[in-house]
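Please work through the exercises below with the sequence and the model open beside you, and try each task before reading its solution.

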Amino acid sequence: MQLQPWARRRARVSVVVPVYDVEAYLPACLDSVLAQEAKGLDLEVVVVDDGSPDGSGAIADSYAERDPRVRVVHTTNRGLGAARNEGLRHVTGDLVAFADSDDVVPPGAYAALLRQLRRTGSDFVTGSVARWEGDSLAQLPWMRRLHATRSALVIDHQPEILGDVFAWNKLFRRDFYEGVGLSWPEGVRYEDQPTTTDAYLRARRFGVIPEVVYHWRIRHDGSSITQQRSSLTDLRDRWATKQMALASVEAYGSAKVTRVFRDRVLAGDLHRYFAEIPGCSDEWWELLRTGVLQMYGARSLTHSGLTPAYRLVGWLVEQGRREDAAAVVAYVRSYGGPLPRVPTPTGPRIDVPVIDLRTVAPAALELRPHEA
């Protein structure tokens with residue numbers, strides 16, 4: 001294996017940090033990134049002030065004044081994808097990472113990613129993530145499972161890794177990133193998924209490490225994108241980026257990867273949208289159902305990796321049974337745990353007393369062996 005120049009000397013890691021309306025969080029983020037210095041690692045931080053209306057740009061400038069590793073680019077507001085792309089135009093490093101300005105990078109994260117990159121010669125390396133909510137910091141269970149082993153893979157070996165869609169828990173070789181033409185979609189939310197999907201599909205190999213390399217702050221002030229799922233704009237963008245990612249996977253041409261992606265990955269966050277069905281607008285419901293039918297109509301969400309209750313909700317959405325779907329969601333929310341199981345001649349199924357189960361396809365109620 002031929003070593004890249006950065007593998008034989010100190011590697012410059014360029015970290016792109018887009019900034020918008022985060023003056024309360026930005027210092028903690030930049031402090032955590034700037035603390036990433038380690039043996040064999042040279043750090044560069046490119047902060048992109050995306051037309052922030054608060055004092056974030058001034059805070060970034062103050063860091064640049066006292067730390068030569070920090071450079072600030074001021075732009076008009078064009079969104080997260082455009083800010084990341086702009087930052088990449090100013091980096092000088094051999095390796096590239098991303099950090100969102102309201103999050104924190106734990107000590108030693110980039111060093112751990114770099115070690116695996118050097119050891120495996122991968123095109124990029126991804127690590128696990130902890131969800132940071134209030135005073136609680138917990139590793140995401142499904143991320144722990146996807147990053148259980150220290151390895152170097154191709155996508156056919158572990159297609160479910162496509163569910164790790166995050167931009168900020170990865171370290172990319174810049175020559176790979178630019179060589180395959182990666183960029184972040186602009187003017188749309190959830191831009192991470194299409195780009196990270198393309199990265200997995202185009203990499204000769206990618207590295208995986210079990211260490212938590214990112215602390216993802218969950219905000220409850222209404223400003224977080226993930227708190228706006230009941231809006232039409234959010235749902236349109238979600239379907240758009242899912243379609244982009246699915247198109248890339250289908251073009252890759254592996255039946256196995258496509259099946260796992262559609263069932264296990266693409267459907268993974270739909271329960272969060274199904275939770276918005278009670279009280280949703282007519283237009284939002286129609287957009288939800290149209291997207292579900294376009295993406296899952298031929299196969300049905302009864303085959304997906306959703307929990308049993310939300311597989312049922314997905315089937316009801318496919319059938320256009322809005323009132324029943326809303327009733328099931330409300331029941332699941334009030335029940336507060338796994339739904340009751342009842343035996344049948346063909347095996348156990350869930351029991352949902354708020355709808356007439358005689359009108360439901362058996363496949364929408366059946367439990368899998370590990371769920372019984």
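The exercises that follow concern a serine in a loop, a helix and some aromatic rings.

The model is predicted, so local features need pLDDT of at least 70 and side-chain atom pairs count only at pLDDT 80 or more, while totals for chains, interfaces and linings use all residues. Residues are numbered from 1 along each chain as its sequence is written, and side-chain values use heavy atoms, with hydrogens and water left out.

**Exercise 1.** Find where Ser-254 lies, and decide whether Ser-254 is buried or exposed.

Solution. Begin with the chain: Ser-254 belongs to the loop between helix H9 (232–252) and helix H10 (255–266), where helices are DSSP runs of H or I with at least four residues, strands are runs of E with at least two, and both are numbered from the N terminus. Next, take the relative accessibility, which is 13% for Ser-254, so this residue counts as buried; buried means under 20% relative accessible area, exposed over 50%, and partly exposed in between, with a 1.4 Å probe and protein chains only. Finally, look at the side chain of Ser-254, which has a polar atom 3.1 Å from the backbone nitrogen of Val-257.

**Exercise 2.** Work out how many residues of helix H13 are buried, and which elements they pack against.

Solution. Helix H13 spans residues 308–318 and is mostly covered, with 11 of its 11 residues buried; among them are Tyr-310, Arg-311, Trp-315 and Glu-318. The buried residues of H13 pack against helices H11 (270–274), H12 (282–296) and H14 (322–335), and also against strands E10 (341–342) and E11 (349–350), where contact means heavy atoms within 4.5 Å. Following H13 comes Gly-320, which has a positive phi, near 80 degrees.

**Exercise 3.** Classify the ring pair of Phe-166 and Trp-168, and then that of Tyr-331 and Tyr-335.

Solution. The structure holds 16 aromatic pairs. In the pair of Phe-166 and Trp-168, the ring centres are 4.5 Å apart and the planes are at 10 degrees, so the pair is stacked. The rule is that rings of Phe, Tyr and Trp (its six-membered ring) pair if their centres lie within 6.5 Å, with planes under 30 degrees apart counted as stacked, over 60 as edge-to-face and the rest as tilted. Tyr-331 and Tyr-335 form a tilted pair, at 5.5 Å centre to centre and 35 degrees between the planes. These two tyrosines are four residues apart in helix H14, and are therefore separated by about one helical turn. Tyr-331 counts as buried at 15% relative accessibility, whereas Tyr-335 is partly exposed at 40%.

Note on methods:
A polar contact is a pair of N or O atoms within 3.5 Å; within protein, one must be able to donate a hydrogen and the other to accept it, and residues adjacent in sequence count only if both atoms are side-chain atoms.
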